[in-house]
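Me: I would like to learn how to read a few features of a protein model. Please take them one at a time.

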Amino acid sequence: MLIAAGVPAGRVYRAPEMLADPHFAAREAIVTVPHPRWGEIAMQNVFPKLSRTPGAVRSIAPQTVGQDNAEVWGGMLCLDAGALATLAAKGVI
């Protein structure tokens with residue numbers, strides 16, 4: 001009825017329907033990634049999928065708050081141990 005009235009509309013999928021849909025599979029819309037607690041899990045792939053720069057899911061979300069802090073502070077921000085100690089003493093981190 002919506003389409004007949006000129007209203008854009010489409011089916012709303014639940015997760016089991018997405019996992020079983022051949023169109024989702026053909027478009028690689030669902031990927032399987034390793035999870036340290038639950039093994040392999042299915043999740044949505046990067047969208048939209050572009051032909052020249054398709055993107056990819058590299059990992060699941062961090063499992064603990066602050067899990068990547070050392071990598072960001074030391075690797076990306078180039079803060080050494082002394083700078084980190086000063087920030088920690090001031091309660092910044």
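Me: Where is the place of cysteine 78?

Reply: Helices (H or I, at least four residues) and strands (E, at least two) are DSSP runs, numbered from the N terminus. Cysteine 78 lies in the loop between helix 3 and helix 4 (81-89). This is a predicted model, where local features need pLDDT of at least 70, side-chain atom pairs count only at pLDDT 80 or more, and totals for chains, interfaces and linings use all residues. Residues are numbered from 1 along each chain as its sequence is written, and side-chain values use heavy atoms, with hydrogens and water left out.

Me: Is cysteine 78 buried or exposed?

Reply: Buried means under 20% relative accessible area, exposed over 50%, and partly exposed in between (1.4 Å probe, protein chains only). Cysteine 78 has a relative accessible area of 63%, so it is exposed.

Me: What is phi of cysteine 78?

Reply: Phi of cysteine 78 is near 60°, which is a positive value in a residue other than glycine. Glutamate 28 also has a positive phi, near 55°, and is a residue other than glycine. Glutamate 28 sits in the loop between helix 2 (22-26) and strand 1 (30-35). Its relative accessibility is 44%, so glutamate 28 counts as partly exposed.

Me: Is the peptide bond from phenylalanine 47 to proline 48 cis or trans?

Reply: That bond is cis, with omega near 0°. Proline 48 belongs to the loop between strand 2 (39-44) and helix 3 (69-76).

Me: Where is isoleucine 3, and is it buried or exposed?

Reply: Isoleucine 3 is in the segment before helix 1 (15-20). With a relative accessible area of 64%, isoleucine 3 is exposed.
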